[in-house]
Amino acid sequence: MSDDILLEVRGLRTVFDTRSGQVCAVDGVDVTVTRGECLGIVGESGSGKSVTFASVMGLVRSPGRIEAGEIVFDGTDLRKLSPRKMQALRGRDIAMTMQDALTALNPALTVGEQLAEMLEAHDDDLPRRRGARRAAIQARSVEMLTLVGIPSAGDRLRQYPHEFSGGMRQRIMIAIALASKPRLLIADEPTTALDVTIQAQVLELISKLRAELGMSVVLITHDLGVVAEHCDRVMVMYAGQVVEEGPTARVIRDPRHPYTRGLLASIPRPALRGQPIRPIDGQVPDLVDLPPQCRFLDRCPEAGEACRHLIDMHPAGPARRARCIRIAVPETEKA
Amino acid sequence: MTFTRFLERLLQLIPVLLGVSVIVFVMMALTPGDPVQIMIGDQIVTPEQEAQMRRDLGLDRPVVERFFVFLGNALQFDFGQSFYHRRPVAEVILERLPATIELTVVAMLIALFTAIPLGVLAAVRKNSIFDRIATVGGLLGVSLPGFWFGILLLMLFAVHLNLLPVAGRINYGISQGITPYTHFLLIDTLLNGRFDAFRNALAHIILPAITLGLPMTAILMRVTRTAMLEVLRADYVTFAQAKGLSRQRILWRHALKNALIPTVSVAAIETGSLLGGNMIIETVFGWPGLGRLVVESIFVRNYPLVQAAVLLYAVIYVMLNFFADILYTILNPRVKL
Ligand SMILES: Nc1ncnc2c1ncn2[C@@H]1O[C@H](COP(=O)(O)OP(=O)(O)O)[C@@H](O)[C@H]1O
Ligand code: SF4
Ligand SMILES: [Mg+2]
């Protein structure tokens, strides 16, 4: 079983030292991604989804730093890698697309150059000789843009990001990320900025490529509908912690954590998709100096005195866990 | 679009030139000193001769009338005779212009090629010792008087170490037999295949160019540093890192290409201020350019030359601003031409 694990994060803690104190953006997060699976990460904005995976990529910027945890990718602890080895792995083995394609593509470089440099860095099959190499890069670039559904790719390689629509920019970013045929793709809210039809296209594309390339995908989103449709497993994050995880179908059918229930309740049921979720009254707590109690306490309809402790993840059925003291696991499901 | 903007700039030039002419005229009229007296010097002349000289130079007319005569002639590109050289002003200026342009361009290149790498490094090593030294150095660079720094360099490299010449553009002996194709010595010496002369010209230009370019270096370093700090925070830099690109590529291609947009625009505008610096630096280093000619002409109240030169400076200045605009458009693909 453990041979199947591609990425394993244990006890990740990432903090930001700010003027108002230490912000603990990610606090003891565990993530497991198996080969070929699609893992969905959901949670309101500010719950630590992006920071978790920036930590995995080794891209946390000052004033942030990883304070604790292990990040094991295919048997290697990434935190122990030299910056050089980490750079070699980034893009090649783990690729990432960012939340906002408009700001993630360099405005001063053509799309062609931004694709070509990815191939230059990671495609070992390119010919050595300069002329042949350039031709091969051109051909591969056209192939990648066509793959993500951008017509007349040859001409469009010469254009700059601002000359493309939002949906196209998102797809260009995916094309760049996939150009190296990575083993893991981290897609950070690939559809949030897009309208519904284009959303569907982009997600279809990622699913299709996942099947074709056999890669694993981490799909960060705050749309549970997207998760229901595309992800094998789901991890719900709240205030820097994982609060529930398990196989998507079961989590959605029978959520164990009050926060997950809140998320689900806030979506129009039949369609199970649509607008960004606005679950439950109240706000995500300030991540500075959190009191030792359940982080969801202030908003939880089921809160009681017993919740004023640090709450651990509890088993919640087969392959399921949730961070709540009131989990009632049905007898039949107990392992 | 560019062409209309170019026309716009040309039209803007008209009030600028008019204003500049008036100011120069008024200033020259207000400064004490009389060109005829200066020209006479110790010679003994009769009052009639003196009056004749005054009439010859048109100085017997009232200032306002002289101004309009000047304006009328200037419109036909006639800037009159240099009192001192007794030759057309335009001719004298054109003779001296290449030396000044050469010095300015070299100063600008030195400034660009030192300021940009230093600014990038200062941004990358923000708050390091290097950054602090660069910051203090930059402050000194803008605030030290150019002539003082120039004299310091002269004392050190020319007088004490005897490595570089003290003044001029090239040694007289070496300059013989060089066909002036372009009137830029660094180019002409090469075109003539005279590497000895090229080295000599280079040795002459290096100190004045460094001195002239110093404030610009300091300013451009600050601009580059600030722009780089801004750009390095951008999402596209994170994405470039996520792509696994090398640090060098991210820095010098992804970040710098964006940071250069403000830097180059400021460089183009700052080049205009080099023109002002030229007057002092050329005088300190005995550089036979337009700047020194203007200073000399002010001393002898050579009105026509000063007026024409100042107009020329104004034209160049406005054109550099226009050029900065164009550069901005070229470097920034988001702005349509
Ligand atoms: N540069 C930063 N400085 C301070 N705090 C930050 C910074 N970046 C992120 N954070 C903190 O991390 C939290 C989680 O951010 P993020 O992972 O981007 O959330 P999500 O992706 O789930 O919307 C934010 O609420 C914020 O408090
Ligand atoms: S531990 Fe208590 S407060 Fe926290 S989610 Fe469970 S019931 Fe609600
Ligand atoms: Mg995010």
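**Ligand shell and chain contact**

Guide: By class, the shell around ligand 1 has four nonpolar, six polar and two charged residues. Here Ala, Val, Leu, Ile, Met, Phe, Trp, Tyr, Cys and Pro count as nonpolar, Asp, Glu, Lys and Arg as charged, and the others, Gly among them, as polar. This is a predicted model: local features need pLDDT of at least 70, side-chain atom pairs count only at pLDDT 80 or more, and totals for chains, interfaces and linings use all residues. Residues are numbered from 1 along each chain as its sequence is written, chains are lettered from A and ligands numbered from 1 in the order in which they are written, and side-chain values use heavy atoms, with hydrogens and water left out.

Visitor: Which residues surround ligand 1?

Guide: Among them are F16(A), T18(A), E44(A), G46(A), K49(A) and S50(A). A residue is in if one of its heavy atoms lies within 4 Å of the ligand.

Visitor: Which element gives the largest share of that shell?

Guide: Helix 1 of chain A, with three residues. Strand 1 (5-18) and strand 2 (21-34) of chain A also supply at least two residues each. Helices (H or I, at least four residues) and strands (E, at least two) are DSSP runs, numbered from the N terminus.

Visitor: What lies 2.7 Å from an oxygen atom of ligand 1?

Guide: A polar backbone atom of G46(A), and a polar side-chain atom of S50(A). A polar backbone atom of K49(A) is 2.9 Å from a ligand oxygen. The protein buries 67% of the 560 Å² that ligand 1 exposes when taken alone. Those areas are Shrake-Rupley, with a 1.4 Å probe.

Visitor: Which residues of chain B lose the most area?

Guide: F239(B), K243(B) and P333(B), together 29% of what that side buries.

Visitor: And how many salt bridges across the interface?

Guide: Four. The rule wants a side-chain nitrogen of Lys or Arg within 4 Å of a carboxyl oxygen of Asp or Glu. One of them pairs E113(A) with R249(B), closest N and O atoms 2.8 Å apart.

Technical notes: Buried area = accessible area lost by both parts, 1.4 Å probe. Polar contact = N/O pair within 3.5 Å; in protein donor to acceptor, adjacent residues only side chain to side chain.
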